[in-house]
Amino acid sequence: MYSRAYKAAISAPPLLWICLFLLLPYALMFAHSFWLVRDGSLIHHWNLQNYRALFTNPLYFEVFLRTARIAASVTLCSLLLGYPLAYYLSFHAGPRKELLYQLVIVPLWVSYLVRGYAWKTILGSDGVLNGFLQYLHVTREPVSFFLYSPFAVVLMLTHIYTPFVFLPIYAALEHIPRPLVEASQDLGADRRATFLRVILPLSIPGLLAGATFAFVLSLGDFLAPLLVGGPSATMIANIVQSLFGAAYDWPLGAAISVCILLITVSLLFATERLEKRWSFK
Amino acid sequence: MTSANSRQRAPLLTAYAVLIFGFIYLPIVVLIVYSFNRDGVGGFPPRHFTFAWYRQLFGDAAIWESVINSLLVAAASVALSLTLGLLAALALDRASFPGKALFRRLVLLPLILPGIITGLSLLMFAVFAGMQLSLLTVFLGHGTALISVATTELFAGLQKLDRAQEEASLDLGATPWQTFWRVTLPNLKLSLIAAGLLIFTLSMDEIAVTFFLIGRDNTLPLEIWGRLRRGITPEINAISSLIFAASVALIIIWYRLRARTIGTQAQELLERP
Amino acid sequence: MSAGAISPQGAASGRVLLEVRSVAKSFGATHVLKNISLQIASGEFLTLLGESGSGKTTLLRLIAGFEQPTSGEIWMSNERLDTLPPYKRRVNTVFQNYALFPHLNVRENVAYGLRVKSTPKAEIAGRVEEALRMVKMISFADARPATLSGGQQQRIALARALINRPQLLLLDEPLSALDANLRKQMQSELKALQREIGIAFLFVTHDQDEAMALSDRIALLRNGALEQVASPREIYSCPATAYTAEFIGQTNLLRGEVKDGVVRWGALQWRTSHVNGAALFSLRPEAIRLADASLHLPEAVRFRGIIRQQIYGGASELLEIDCGSEQTLRARIPVSGPLTGEHEFVFSCAEAVPVTESPAAHGSRATHRERR
């Protein structure tokens, strides 16, 4: 039905743009990772020094481990909040389902910065939370570990990503035909058994999609540590950011970025294959 | 007939769901409340109600300049992303060519990749191309990253399109080009508007990519970010509350549009024997 | 005798398995079921027949446990059923679109009910084999539901339900998604299966031919109330109401005036034991025949009429007969070649069955009529 000219006309512009503004920049980043900085200027000398530094210097590994831990915590907490919420909306909310769904979506549209800033004002030493606790005479002095700690980063990112995790899980749950739930009960499985044997397995693709999203984006986040994390919560992306800023070492920064990119892509591949295995069409 | 099981009692789950909703909304509520507090962003309880911070906000020229910058970038991003996104969606839906799978992944990659990667790679590109960092580079960043949003939304819209309509149009003598303008595009109208709203909002809020591509002119998020370094005042609460209100308004519009497309579909589903 | 009670003509074994006692169901302001009382005998094949919206699926779901009665009770084997959740009832369902679990293969689907009750693995394996053999699907044991055709999925759904040895099997229009030939085949298989295992089947359908072919008894539902409950033969030959007469098979509804034991309808009249006054009679088209000198019918009613239309139907022909004074009768006769003009027709007045106009109100009503 569509002529070759038509197909060429619609494919060419986006393809060209993608090549120019996505592929080429990635290639540049890749190239930079093999270069050097000496005496404050960039030298196009191909070498593996940056990667060697990454793998031998324990600092980078430590930061990366902390980043992975934070990302994993965020993912876990988001799932613990997002899944029950999606389950509640899908199976127990009845006619209010639509409205509640909109209520969950709204925060997604509110700026990341706004939400992060809100936590900053709540968790600080003279923030709202401390004020509240002192008002209730629960504490006499401000508690300092709320803010500027990995805890604060996890809290803020969980707040950001719970709606993101909710969305694909809710979609997957909605896709489960209700007769399957009835059939399970008809055959003798109570609510808990029905959930474990039917609902949960069929919701795994959505769960994986949401979890991957939360994990990958948390892994590469640099704003949350700057806002609420403080020095004890420096994440790998902060190091990259400073290497492109004050610490001026673009090649090293590029090398770390390439690593993050590769980790992300492999994770995506892995979950995609898992999702295929768990989707039954 | 729908199952009555959807209304089973589950008190613990309901309570938990309420708590989660509270967690999601509490910070925003606190933010808005304290934007009216005379004595700053901390402490409890807020004591003195005032509009002073909003007044200060309205007189703050730098903020409004950054708003205009953001609007410019957002508008341009919408135009670019929708155009390229529409073409990409059409290509994915109708054309087959070597490397199509790779193309699809590349287009969707910026959606899931942390913003820092997209931002830095484009920074290196800008330097390579000898470009000055400015709103133009910011626009390139937003536009490129948000093509993926447009593609996803428009592809979904294309899937719902009834192929028979286009075939009927060709059968009646219209050329493919005419068919595109008279049949395909009107059917995608709602998807286009919904995608446009989403891209607009995401562009207005964008920080991570913008962080590395910004020149002398600030966008709104970066203007706020800069202020955070200098110290926190409820004026920031005020602008944040306004951003929240605007976002809510936009999402209500977006949702109504979506519901209209889904609504007609649900109707058709119900009318099936 | 109450409407839904087991009659000697009906149930296979006569022992009451399930009892629906004055059950009503409303969804908000909509009254879907109004005061239904029905008994199902063990081993019986009972069909709930009705149009969409008649409440038949709702009644089925009440028995399965997916809805609660607004009022009334359901009892099974002398124990209260409606207070139990679905997973505690000795009742299993075959769903309209089969509801097979897509993430489990055939074997696992069929074994589901046993796995949930922690049945020992060895026993499960044996019973699954047996169940699959019973529905002739043993070679598909490791397949996934998505790869099976509609008819095959339906058999698996059946096996999955029956393996649990329920006391009552509910079938929610299980054959409606199949094409005509497959449907006929599945009907006879289903009937044979039910005879073989002896479990009571409660079958829901809107297809009256299906109901007639399969059932020991038919319960006709209309607007949430039971119109008539009787065996297929009885419900066909002695319909209680005009609705029943028209829903099942075709009929001529004759509005006549009775005086002193004689009914007058247009130019026709015949003897009846009906009371004086207006009366409605159901006369099946196949009861009217072309008059033939050699034909002797008991208490024959003869009349002349002009054939207005003749519709060929393969095995028989349908005639539209103008009997004068704007009265038309439809007759079904064996294939006789083209007919025109005026002919003489005859029917036996025993075939003109009196029926009531509106459905009988709530509660029990007499449906049994002695065959004349």
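**Entry 1: a term to start with**
I count two strands as paired if DSSP finds at least two bridges between them. With that settled, I opened the model, which is a predicted one.

**Entry 2: hairpins in chain C**
I began with β12(C) and β13(C), which pair in the antiparallel sense over four bridges. Here Trp265(C) stands opposite Leu268(C) in β13(C). Which residue of this hairpin takes a positive phi? I found Gly266(C), with a phi near 60°, in a hairpin that has two residues between its strands.

I then stepped back to β11(C), residues 252-259, and β12(C), residues 262-265. They also pair antiparallel, over three bridges, and Lys259(C) stands opposite Val262(C) in β12(C). Two residues lie between these strands too, and Asp260(C) has a positive phi near 50°.

β11(C) has a further partner in β14(C), residues 277-283: the two run antiparallel and seven bridges join them. I noted Leu253(C) opposite Ser282(C) in β14(C).

While I was looking at strands, I kept one general point in mind: in a regular strand, side chains alternate between the two faces of the sheet.

**Entry 3: a five-stranded sheet**
Next I traced an open sheet in chain C, with the order β15-β19-β16-β17-β18 and antiparallel pairing. Which strands form its edges? They are β15 (289-290) and β18 (328-334) of chain C, each pairing on one side only. Arg289(C) has Val346(C) as its bridge partner in β19(C).

**Entry 4: chain C as a whole**
I zoomed out and found eight helices and 20 strands in chain C. Its C-alpha atoms fill a box of roughly 75 × 45 × 40 Å along the principal axes. Chain C has 372 residues, and 42% of them count as buried. I also looked at contacts with a separation of 6 or more: residues 24 or more positions apart account for 67% of them.

Chain C is divided into domain 1 (16-241) and domain 2 (243-355). Their C-alpha centres lie 39 Å apart. Domain 1 of chain C gives eleven residues to the contact and domain 2 of chain C gives nine. On the domain 1 side, β9 (217-222), β10 (225-230) and α7 (232-237) of chain C each supply two or more residues. By class, I have six nonpolar, three polar and two charged residues on that side.

I moved to α5(B), residues 115-128.

Is α5(B) mostly covered or mostly open? It is mostly covered, with twelve of its 14 residues buried. The buried ones include Ile116(B), Leu120(B), Met124(B) and Phe125(B). I looked up what they pack against: α1 (4-32), α11 (236-243) and α12 (250-277) of chain A, together with α4 (100-112), α6 (135-160) and α10 (208-213) of chain B. After the helix comes Gly130(B), whose phi is positive, near 70°.

**Entry 5: where chains A and B touch**
The contact takes 74 residues from chain A and 68 residues from chain B. On the chain A side, the largest share is 18 residues from α1(A). That side has 51 nonpolar, 17 polar and six charged residues.

The predictor gives the complex an ipTM of 0.88 and a pTM of 0.82. Chain C averages a pLDDT of 88, and 92% of the residues score at least 70. I compared its elements: confidence is lowest in β13(C), at a mean of 88, and highest in β3(C), residues 45-49, at 97.

Where in chain C does pLDDT stay under 50? Residues 6-12 of chain C are one such stretch, with 19 contacts beyond four places in sequence. Residues 360-372 of chain C are another, and the model has 19 such contacts there. A reminder to myself: where pLDDT is low, the predicted coordinates should not be read in detail.

Key:
Residues numbered from 1 in each chain as written. Chains lettered and ligands numbered in written order. Predicted model: local features only at pLDDT ≥ 70, side-chain atom pairs only at ≥ 80, totals over all residues. Buried ≥ 20, exposed ≤ 12 C-beta atoms within 10 Å, placed from the backbone. Contact = placed C-beta atoms within 7 Å. Expected span 1.5 Å × (residues − 1). Domains from an automatic or database assignment. Nonpolar A, V, L, I, M, F, W, Y, C, P; charged D, E, K, R; others polar. pLDDT = per-residue confidence, 0-100.
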